[in-house]
Amino acid sequence: MEGTKTLKFFVTVVCMVAVAGAIPIGDLLDLASQHSDKLHSLSTLLTHELDTHFPPIGHKIMPRPSMCHTATLQGPTDKIQALQFPEHDLLSLVRSLLQSWADPLLVLSANANTLPHPAQSTIASKVQELRDNSNSLGHGLDILSGKMGPASQILSISPYDGNADLGEDNISKLLNFQFLLSCFRRDSHKIDSFLKVLRCRAAKMQPNMC
Amino acid sequence: MTLSTRLKRLVGWALVILISAVSHNSPPGKPVLKQCHSPDKEIFTCWWEPNAHDGEDTTYRLLYEKELTIGILECPDYHTAGKNSCFFDKNHTSIWVDYFLTVVAINAFGNTTSDVYKIDVVDIVKPNPPENVTLWLELCEDIPTIHVTWNSFNIGTKCGWITPKYQLRFKKVDSKWNIKYVGEQTQFSIYSASPGKLYIVQVQCALDNGAWSEWSNTTFIQVPRSESKQHIWILVSFSAILLFAAVCIMFIKKKRYTNKCCLFHSIQQWLLPPVPGPRIKGIDVQLLKNGRSHEATRALLINHGFPWNGMPWKNQAEEYLLVRDDNKLLNEDQKHTHGKMISNNCHSKPNINNQLNVHNSMNFKEEKTILDDLVDTSQSELVNELNYVNTMKTDTAFSIDTIYVRNVKPVENSRYVDIQRQDVDMEYSTVREPMLFPEKQNKVINRQQERLPYDYTRVKEVNGDMLLLQDPSFRNNTQNTDYINPTPLHPVTEKVHECAESLNDGYVDNPHTHNVK
């Protein structure tokens, strides 16, 4: 929780200074990629936490990742593509992905409190942290896009059309929870990778960073 | 068909039948995809394990499907990664995309397909351990620091595609591992390494919050022993030896002079010596001791500036003797007279009393000299006394005793030195009597010693006859009587001796001191 508070503080500082145009884009990107790194590591931890007590059958009947609601948001799928992708589009994609997860994270948060899992409390607190981090990152990216121009501000949000209660029985609940989390983990990794590519691109003058 | 071709077919079939008769004659077993692994998020390799019963003729094919791609694809490279493997190069690797892999074992009798193995390349990333782990030692003011560096993960880091993170572990030989998270840096420092120990260090890395690699090869470093610590130990032991020697010397020194068995006392006396009192210059202790009092007196008179030879009783707390030079002393309030000579011979502590006899025999003359100390040679009265003494021609020390103290230290309303002796722990001299009467000193002392701890108002208990006339030579000396009677000094001195140990009562009410002959 303290981490998110500091993040928020940083973001507010960044906001204020960014308004004055004092912080260069490279620093903003650096800050944003720190957020996204944290986001990805949190989601990875969560999936591992869930896997400790996951019904074996779940792996077999797990929906395919193409069933993730953000599957429509196409982007680079390998390094070469990522390096060639235009910056504005990359940032736009990142923001769209993040925004698309605003509602599903709420669903995850709501269900985490009643999750039939032995590590439920840890999971619930981590999901909350996930939400806070995601919000902070979103604010930062808004500022960044403001600086980078209107092309980066195009958002194409994929709506989440899943059920709010994630299932009726315990196994379904767990399964859907895990599936949603795995989708989020993948998307957070995308966000993290793209932001880091952007950071390195913007920091051409500072080879030590990349 | 010609006869030759038919014959060939027949032979072929026969061979096949023969071979199949030799082999198991069944389709191959089900292969198992064991693992897939990507070292850098750009390529990956997968391995499978064929069934044990499969014959040599079984061939394997890896087929896969890709998310967002239509169609079944086959492994692009069966050879680069070895047997029973499939290598996917950059062109065939996509991330954030699911691969569904299957291996098919084919032989003459059929084929068998393995279970579907789903992977996302991102999830199978496990880098190789870091290379070129180097250790070097830095000695800064004898504090050793171990610096560790290693090669960074170069592929993909330049453009931000991969973020390697490192973790290090180290330990001293025969102790537990100490794991430290390093982060994105390629160097680490171990501060305050223990001197003289062998350290083992290993490094591992992970990409994009993924799985940790294996630990790197072990690297060793030996921290040299600290020289300064040895120096410190040498210094400490040396100073301890010196201290011990000093204590011993001190103890021996004390023993010589005080004859005390207790080291503590000697140390105490050494550390907190009693304040020495005034000495009369020119007094030769040895002369007095030897009994040649007149010589000593002469010396005193002649050589006022005679350097004082070392006094054996330096540890005696001395006080000025209260003297009055008139008879009023006897009649009036005698509380003013608080004269007291202290010598450490007379301790208030009962256990030391045994020693006092010995000391007193030695010290009565010293007591006299104490008195002498108090003599104010500048006083004309005293000079008169001295002259008088000098003419007495007695060779007893007694004559010296007549050099009593007068007006040693005038106090406001009287000429008495007021010595408050409330503290029983202080050393009191009760040897005043023995000073005058050497023959009876022992008795006196004994008596005095008995009462020492409690009550110094012994005046009443003192017999008059012991006061002055114990010295036979003294008695015989008419001059002495003359000396005694008319002058108030003797009574005073008597009183002084009587009340040697009295704290507050002084010479009090002992009228028959006059009568002492």
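The crossing of H5(A) and H8(A) is left-handed, a label for cases where the near helix is turned anticlockwise from the far one by less than a right angle, clockwise being right-handed. This comes from a predicted model, where local features need pLDDT of at least 70 and side-chain atom pairs pLDDT 80 or more, while totals for chains, interfaces and linings use all residues. Residues are numbered from 1 along each chain as its sequence is written, chains are lettered from A and ligands numbered from 1 in the order in which they are written, and side-chain values use heavy atoms, with hydrogens and water left out.

As for the helices themselves (DSSP runs of H or I, at least four residues, numbered from the N terminus, with strands being E runs of at least two), H5 covers residues 87-100 of chain A and H8 residues 170-202. They pack at about 150 degrees with axes 10 Å apart; axes here are lines fitted to C-alpha atoms over the stretch in contact, and angles run from 0 to 180 degrees between N-to-C directions. H5(A) and H8(A) are therefore roughly antiparallel (over 145 degrees; under 35 is roughly parallel, 65 to 115 roughly perpendicular, the rest oblique).

The crossing is left-handed, and the residues in contact divide into 13 nonpolar, 11 polar and seven charged.

Then there are H6 (residues 102-112) and H7 (residues 120-148) of chain A, packed at about 155 degrees with axes 9 Å apart. H6(A) and H7(A) are therefore roughly antiparallel, and their crossing is left-handed. Among the residues that meet are A:Leu105 and A:Ser109 in H6(A), and A:Val127 and A:Arg131 in H7(A).

Between chains, 24 residues of chain A touch 25 of chain B. The two chains bury about 2200 Å², 53% of it on carbon and sulfur atoms (accessible area, 1.4 Å probe, lost on putting the two parts together, summed over both). Six salt bridges link chain A and chain B, each a side-chain nitrogen of Lys or Arg within 4 Å of a carboxyl oxygen of Asp or Glu. One of them pairs B:Asp98 with A:Arg186, the closest N and O atoms being 3.0 Å apart. Over all chains, the whole structure has 17 salt bridges. The B:Asp98 pair runs from strand S6 (residues 98-107) of chain B to helix H8 of chain A.

Methods
Contact = heavy atoms within 4.5 Å. Nonpolar A, V, L, I, M, F, W, Y, C, P; charged D, E, K, R; others polar.
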